[in-house]
Amino acid sequence: MKKVLTGFLMVGMILSMGAGKKNQQTAKKTMNSVFRGFLGLVPFMNSQMKFKDLANKEEIHTHLTTLKNAFENAKHIKTFEMPGFNPSFEQAKTHLKETLEAFEGGQPDFARVRLRATGQLCISCHTQLKGNRGSFGPLNTLSRSDFSSDYEFAEFLFLIRNYRKAERYFEKEINEAFEKSRKLSKVNKVNSFAYRGNKIERSLEKTLTIHTKVKYAPEKVLPIIQKYSRNKYIDSELKGKMEGWIASLKKWKKSDYEGRIKNANELRSFIDKNLSKYADSFSSFDGRNDVDLLVASGALYQYLYKKPRSKDTPEVLFWLSKVDEHLNNSFLFSLSELYLKRCITDYGKTKWGPKCYRTYRDKISHGYTGSAGVFIPKDEVDELKRLKSFLN
Ligand code: HEC
């Protein structure tokens, strides 16, 4: 009997592994079409002139359509229904539909801005996955010469999860920016900080993200941040933020946290220790808490990925929403509201449903509060009504 049971278990395991594999393959297939569309758009995306040029209109339209359809046709894919990916998936669908509409409606500038923001959506899913060295064929079809700067190439590498190479190009960008500052300060002593740009900051943030959220290695990124924080071309505001990062990285390095939350008990103590202070307040984006938030984001996504159907899911969604709200938007596309919605529609009858609803409602009314009081538009009022109906 025992043997038969084991046999059944084995068959079950093999079947479920097969199913998992199949889902992955279809997600992969979708991503291949997504990538095809995206790749085709890269040459136009970074140039306003090329994007507006009527000679390119048809080609851009074709790629935008490919991109939009790839997401639209991926409805049934299980991977995209998982609670960590689904908010990004839904957002990508709406976002690309509206981007195409803007392009067709004769607003190429607006469409281009939106398209560039799409990269953030790709990243919001991909940073939940492990790295990918880029051995995958089509990913190697683009090289540095296809991009106008090291920064743009680095962003692309980051997006396709080739983190090691991305990091190298982010560092190149930072060092070039320092070099430019040095040259400028020679010409013009008064304006010694003239060249700063936000690329240094963005590059540092991405490097930090790789070693805190994607793979947890505070000891690796600490010396990098320390090195750059001492550079005289870093302005005082960024320096202040980096000091906050350094202090937290030291704290994490010393802590007994190993980069993942293994069970419900660990989840509870992780939240108490690191997140409970973010429960109510609306954020002040000084960036000093970035490291804590990034580590938490990585930990929560991983938990959700490993245990998508656990009874802790609504709680994890609630905290992901909080983390997103507090993390500076330059890190990720904010999906804060979408996590709350998911918590309400799928878990409305648990004790987290009402809590997620109240948080969502407060966020919305906060957003529509002006000098004349609160004015919530009708479609938002309707949405609140719809969400409330899931609670009982
Ligand atoms: C809803 C989540 C989600 C969004 C949004 C998303 N991706 Fe992906 N992407 C995935 C997943 C999951 C995989 C891993 C698939 C696999 O390997 O099974 C992946 C893998 C990839 C790959 C690597 C293919 C491979 O399997 O090695 C490329 C390229 C890619 N995505 C491009 C993009 C681009 C470009 C965008 C944005 C326009 C994007 N993705 C948006 C979830 C997403």
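1. On helix α11, the face turned away from the buried side carries the exposed residues S236, A247 and K254. A residue is buried if 20 or more other C-beta atoms lie within 10 Å of its own, exposed if 12 or fewer, and partly exposed in between, with C-beta atoms placed from the backbone. Helices (H or I, at least four residues) and strands (E, at least two) are DSSP runs, numbered from the N terminus.

2. The model is a predicted one: local features need pLDDT of at least 70, side-chain atom pairs count only at pLDDT 80 or more, and totals for chains, interfaces and linings use all residues. Residues are numbered from 1 along each chain as its sequence is written.

3. The buried residues of α11 are K241, M242, W245, S248 and L249. Seen down the axis of α11, these buried residues fall within an arc of 125°, so they line one face of the helix; the arc is that of the directions from the helix axis to the C-beta atoms. Their cover includes α9 (199-214), α10 (218-229) and α13 (290-306). Such cover is a matter of contact, which holds between two residues if their C-beta atoms, placed from the backbone, lie within 7 Å.

4. Helix α11 spans residues 236-254, 19 residues in total, and reaches 27 Å from its first C-alpha to its last, close to the 27 Å expected at 1.5 Å a residue. The expected span of a helix is 1.5 Å times one less than its number of residues. E243 lies in this helix and counts as partly exposed, because it has 14 C-beta neighbours inside 10 Å. The C-alpha atoms of E243 and S229 are separated by 7.6 Å, while the two residues are 14 apart along the chain.

5. For the chain overall, there are 17 helices and two strands. Of its 392 residues, 37% count as buried. Among contacts between residues at least 6 apart in sequence, 65% join residues at least 24 apart.

6. Helix α7 (residues 150-159) deserves a separate remark. Eight of its 10 residues are buried, so α7 is largely enclosed by the rest of the structure. The buried residues are D150, Y151, F153, A154, E155, F156, L157 and F158. What covers them includes α6 (108-126), α8 (163-187) and α9.

7. R161 is found in the loop between α7 and α8. Its phi is near 70°, a positive value in a residue other than glycine. Most residues other than glycine have a negative phi. R161 counts as buried because 21 C-beta neighbours lie inside 10 Å.

8. Helix α14 (residues 313-326) has 14 residues and reaches 20 Å from first C-alpha to last, close to the 20 Å expected at 1.5 Å a residue.

9. How do the axes of α16 (residues 352-367) and α17 (residues 378-388) cross, and within what distance do they come? They come within 11 Å and cross at roughly 175°. Axes are lines fitted to C-alpha atoms, for helices over the stretch in contact, and angles run from 0 to 180 degrees between N-to-C directions. That crossing makes α16 roughly antiparallel to α17; angles under 35 degrees count as roughly parallel, over 145 as roughly antiparallel, 65 to 115 as roughly perpendicular and the rest as oblique.

10. The contact between α16 and α17 is made by Y357, Y360, R361 and I364 of α16 and by E380, L384, L387 and K388 of α17. By class, this contact has five nonpolar, no polar and three charged residues. Ala, Val, Leu, Ile, Met, Phe, Trp, Tyr, Cys and Pro count as nonpolar, Asp, Glu, Lys and Arg as charged, and the others, Gly among them, as polar.

11. Three further residues may be checked on the model. R168, in helix α8, counts as partly exposed with 15 C-beta neighbours inside 10 Å, and its C-alpha atom is separated by 9.4 Å from that of T207, 39 residues apart along the chain. N73, in the loop between α3 (57-72) and α4 (78-81), counts as exposed with 12 such neighbours inside 10 Å. E81 lies in helix α4, and its C-alpha atom is 9.8 Å from that of P308, 227 residues apart along the chain.
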